[in-house]
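Hi,

Here is the structure I promised to pass on. Have a look at it first, then read my notes below.

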Amino acid sequence: MNAATHERLARLLVGAAAAITIALLVTVVMGVAAPGAAHITPSFLFTSPRSMGREGGIAAPLAATVLLLGVALAVAAPVGIGTAIWLTEYLRQRWLVAFITFATESLAGVPSIVFGLFGFAVFVLRFRMGWSVWSGGLTLALMILPTIVRTAQEALRAVPPGYREGALALGATRWQALTRMLLPAAWPGIATGMILSVGRAVGETAAVLLTAGSALGMPRHLGDPARSLAVHLYILAAEGISLEKAYATGTVLIILIVLVNALANRLARPPRAGKERWPWSRRPSSNSKKSKSVTMTCRPSPASRSAFRARR
Amino acid sequence: MAAVEPRASQSSGRGARHAEVVAKILLAASATLAAGGILVITLFVAASGWPLLQQTGWWAFVSGRVWSPGTGVFGILPMIAGSVLVTLGALVFGCGLGLPAAIYLAEFAPRRLAGAVRQGVQLLAGIPSVVYGFYALTVLVPLIRRVSSGSGYSVLTGGIVLGVMILPTVVSLSEDAIAGVPAEHRLGALALGATRWQTMVRVLLPAARSGLVAAIILAAGRAVGETMAVIMVTGNVARFPSSLFDPVRTLTGNIALEMAYAAGEHQEALFATGLVLFLFTMSLNLLARAAGRRKRPG
């Protein structure tokens with residue numbers, strides 16, 4: 001076999017692998033959403049489940065999910081963003097930065113069921129919160145903390161040093177520079193991180209099952225046990241209660257994830273560094289160091305882009 | 001840096017300095033909290049499982065072949081085997097498909113198409129595991145039941161589902177690893193007259209090896225820790241499987257299934273299971289870190 005045929009065959013094979021990957025995505029999404037979409041009606045969304053979920057809708061699990069996410073974000077966002085600020089703006093000891101970063105990153109590698117065990121042992125039993133929105137939300141907060149810290153850190157690091165220096169040169173304290181210059185500049189990145197972490201928390205099942213319980217009632221306050229959408233889907237499917245409701249619940253989950261993804265993409269389109277590797281596909285806006293610092297304020301127009309390319 | 005701080009205007013000077021101190025304390029406190037999380041989790045899970053491990057002994061717990069909470073016999077070897085087998089299946093499936101897909105995305109795909117595929121993969125990563133589990137339960141389990149003599153709840157089913165679930169990890173991390181190879185390598189190989197495929201196989205993949213290994217190990221870590229999709233399709237029988245079509249129970253499944261009603265010794269045994277699982281995933285993550293950090297030759 002000569003090199004050209006070999007080349008063509010190999011490209012075909014790797015292309016096929018990518019096509020199958022996408023086909024799998026479409027199969028799973030459509031496999032759940034196609035049978036489920038028809039059952040999603042306002043009454044499904046806004047009535048609570050009856051007879052174990054066989055009848056009625058998903059109002060209670062939907063409300064429980066929102067409450068759980070609210071508690072998780074309310075706790076994790078300040079702590080996570082604070083940690084990121086401390087690491088990037090204040091802390092000077094390199095080893096301590098490395099240590100704290102390592103600790104939060106390790107948290108990201110912990111399996112969700114272990115978070116569940118921890119939440120159960122600490123929040124449910126030790127702190128006597130029982131199966132409740134509090135326990136579940138705090139457990140979720142721990143789970144999403146690493147994402148928030150990492151994305152906020154990246155966002156703060158991406159702020160051009162000139163912003164920092166300029167603010168300080170004008171006599172601002174570090175706190176003023178931070179709240180008036182750095183945080184606003186880094187905000188899209190930080191918000192994206194929060195949204196992505198919500199995406200993870202929406203679908204979390206094991207940890208929520210162990211800490212918030214699976215009571216089907218509408219949670220009236222944060223001390224009530226609650227069943228999230230994901231847990232609801234698990235119970236409907238695993239106990240064979242109602243396939244139809246399970247499809248519809250799964251579809252709602254998928255829609256939520258798609259929305260979260262779209263929102264995150266819209267908020268921040270991070271130029272993926274190191275993607276332009278072939279000289280002929282280079283774009284000046286994301287490649288040359290010179291233009292990097294100005295992308296914040298002025299994007300090169302298509303015309304200037306082609307002019308730039310012609311000059312090279 | 002410190003020298004510029006106190007020069008705020010007269011009127012807001014004191015307030016600003018107070019704010020500075022308070023802010024510092026709050027920020028340090030939140031960092032302590034975030035860093036302490038992993039320690040507290042390790043300690044609590046370990047402490048909760050410790051009494052049982054003391055009583056039965058580490059080795060007996062890990063190598064015991066019988067799990068019988070009713071009679072107080074706790075051995076998790078079948079569950080360890082279950083986790084390992086299902087993870088291996090996932091790696092075969094996920095890497096067999098994910099690595100070539102990553103190669104395509106990194107080097108051969110048209111730019112627009114690559115962008116679209118990346119978005120799709122990102123979405124694939126975001127879909128909750130319980131949705132994968134549900135889909136597999138309704139489609140894959142009956143399919144496997146038809147082609148085999150078993151119930152359809154099996155090692156193979158679990159492996160396939162987990163393989164699909166780790167695809168995004170494998171694809172995006174491997175693509176990053178290949179993309180991270182310096183352009184000189186690529187250009188040099190092409191200048192020497194290699195085709196792009198030859199460049200990929202002889203230059204880029206060897207150069208990206210450490211990153212690829214790290215990607216695969218991280219994916220394995222995710223597969224070991226996955227819970228919901230696995231318990232929905234593997235059948236959860238705490239016995240050694242004798243074929244790919246036999247049901248198994250994983251470490252994660254063991255905890256998730258029995259925690260709700262466990263008490264006393266039984267509950268301690270589940271925490272001990274969690275500790276073993278935790279050590280498993282931690283060592284995989286550390287291994288991936290070590291592999292990823294290794295310098296490329298050249």
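N236(B) sits in the loop between α10 (228-233) and α11 (251-258) of chain B; helices here are DSSP runs of H or I with at least four residues, strands are runs of E with at least two, and both are numbered from the N terminus. Most residues other than glycine have a negative phi. N236(B) counts as buried, because it has 20 C-beta neighbours inside 10 Å. (Buried means 20 or more other C-beta atoms within 10 Å of the residue's own, exposed means 12 or fewer, and partly exposed is in between, with C-beta atoms placed from the backbone.)

Before you go on: this is a predicted model, where local features need pLDDT of at least 70 and side-chain atom pairs count only at pLDDT 80 or more, while totals for chains, interfaces and linings use all residues. Residues are numbered from 1 along each chain as its sequence is written, and chains are lettered from A and ligands numbered from 1 in the order in which they are written.

Chain A has a residue with a positive phi too: S51(A), at about 40°, and it is not a glycine either. You'll find S51(A) in the loop between β1 (49-50) and β2 (55-56) of chain A. Is S51(A) buried or exposed? With 10 C-beta neighbours inside 10 Å, S51(A) counts as exposed.

Now for chain B as a whole. It has twelve helices and two strands, in the order α-α-β-β-α-α-α-α-α-α-α-α-α-α along the sequence. Its radius of gyration is 25 Å, well over the 19 Å that the globule rule gives for 298 residues, so chain B is more spread out than a compact globule. (That radius is taken over C-alpha atoms, and the rule is 2.2 Å times the number of residues to the power 0.38.) The C-alpha trace of chain B spans about 75 × 65 × 35 Å along its principal axes, and buried residues make up 50% of the 298.

How do the chains meet? The contact takes 78 residues from chain B and 74 from chain A, where two residues are in contact if their C-beta atoms, placed from the backbone, lie within 7 Å. On the chain B side, helix α1 (residues 10-56) gives the largest share, 20 residues. That side has 52 nonpolar, 18 polar and eight charged residues. (Ala, Val, Leu, Ile, Met, Phe, Trp, Tyr, Cys and Pro count as nonpolar, Asp, Glu, Lys and Arg as charged, and the others, Gly among them, as polar.)

The axes of α1 (residues 3-37) of chain A and α3 (residues 77-108) of chain B come within 7 Å and cross at roughly 110°; axes are lines fitted to C-alpha atoms, for helices over the stretch in contact, and angles run from 0 to 180 degrees between N-to-C directions. The residues that meet there include L13(A) and V14(A) in α1(A), and L97(B) and F108(B) in α3(B). This contact divides into twelve nonpolar, two polar and one charged.

Within chain B, α3(B) also packs against helix α6 (residues 155-179), at an angle of about 35° and with the axes 6 Å apart. That contact has 22 nonpolar, seven polar and two charged residues.

Cheers
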